[in-house]
Amino acid sequence: MVRFKNRYFTAEIIPLDNGHTVQPLNLKTYDILKSVLATTEQIHGEFGAAAIKNGLDVKYCNESTQIAIIRCRHGPHRLLASSLPFLSSIGKRKVQLQSMYTGATLVKCYKFLKKFHQEKMNEALKMCRTEEEKKKIFEIMSKTKYGL
């Protein structure tokens, strides 16, 4: 029996709205998969799309923090990593994908996200002037999976 190794890409999805009011991202895992596969096919051709298609999956997608974790097999993960920066739209929304972390296990990605959210929360708390603002930040962070 052969063990398949995986790689997990933690990426931030940044919407490009050109100054319009920011609408919440209604991300579906299928739309992310379809966009990633199409971008990889544009960059690496049919070979690249076929190589990543077998193990490709979106394991985590949070609309409020706009972060996704994408799983890929160990060999073709290099093809996926080289094509992620060129992803320009998911569904009908113009977005930019910023790769944050590449991990061998999902647990390591979750640990990275917990540390990332903690740093963001500390930055936001330093900017607060009143107790009401601090309470609002704590409410927002409690809605995420990694809040305090």
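User: In this predicted model, which strands does helix α1 lie across, and at about what angle does helix α1 run to β2?

Analyst: Helix α1 covers residues 29–53. The strands it lies across are β1 (6–15), β2, β3 and β4. Its direction relative to β2 is about 140 degrees.

User: Which strands does α3 touch, and what angle does its direction make with that of β3?

Analyst: α3 packs on the sheet. Its contacts are with β1, β2, β3 and β5 (93–103). With the direction of β3, the direction of α3 makes about 160 degrees.

User: In what order do the strands of the sheet run, and which are the edge strands?

Analyst: The sheet is open and has 5 strands, with antiparallel pairing. The order is β2-β3-β1-β5-β4. An edge strand pairs on one side only. That gives β2 and β4 (89–90).

User: How many aromatic pairs does the structure hold, and why is the pair of Y60 and Y110 edge-to-face?

Analyst: The structure holds 3 aromatic pairs. In one of them, the ring centres of Y60 and Y110 are 5.9 Å apart. Planes over 60 degrees apart count as edge-to-face. The planes of Y60 and Y110 are at 90 degrees, so this pair is edge-to-face.

User: Where do Y60 and Y110 lie, and how many residues apart are they?

Analyst: Y60 is in strand β2 (residues 57–62). Y110 is in helix α3 (residues 106–127). The pair links distant parts of the chain, 50 residues apart.

User: Is Y60 buried or exposed?

Analyst: Buried means under 20% relative accessible area. Y60 has 10% relative accessibility, so Y60 counts as buried.

User: Which residues do ring pairs link into a cluster with F112?

Analyst: The cluster is joined by ring pairs. Besides F112, it includes Y101 and F116.

User: Where does R73 lie, and how far from the ring centre of F4?

Analyst: R73 lies over the face of F4. From the ring centre, the distance is 3.9 Å.

Conventions
Residues are numbered from 1 along each chain as its sequence is written. This is a predicted model: local features need pLDDT of at least 70, side-chain atom pairs count only at pLDDT 80 or more; totals for chains, interfaces and linings use all residues. Side-chain values use heavy atoms; hydrogens and water are left out. Rings of Phe, Tyr and Trp (its six-membered ring) pair if their centres lie within 6.5 Å; planes under 30 degrees apart count as stacked, over 60 as edge-to-face and the rest as tilted. Helices (H or I, at least four residues) and strands (E, at least two) are DSSP runs, numbered from the N terminus. Buried means under 20% relative accessible area, exposed over 50%, partly exposed in between (1.4 Å probe, protein chains only). A charge sits over a ring if NZ of Lys or CZ of Arg is within 6 Å of the ring centre and within 35 degrees of the ring normal. Two strands pair if DSSP finds at least two bridges between them. Contact means heavy atoms within 4.5 Å. Axes are lines fitted to C-alpha atoms, for helices over the stretch in contact, and angles run from 0 to 180 degrees between N-to-C directions.
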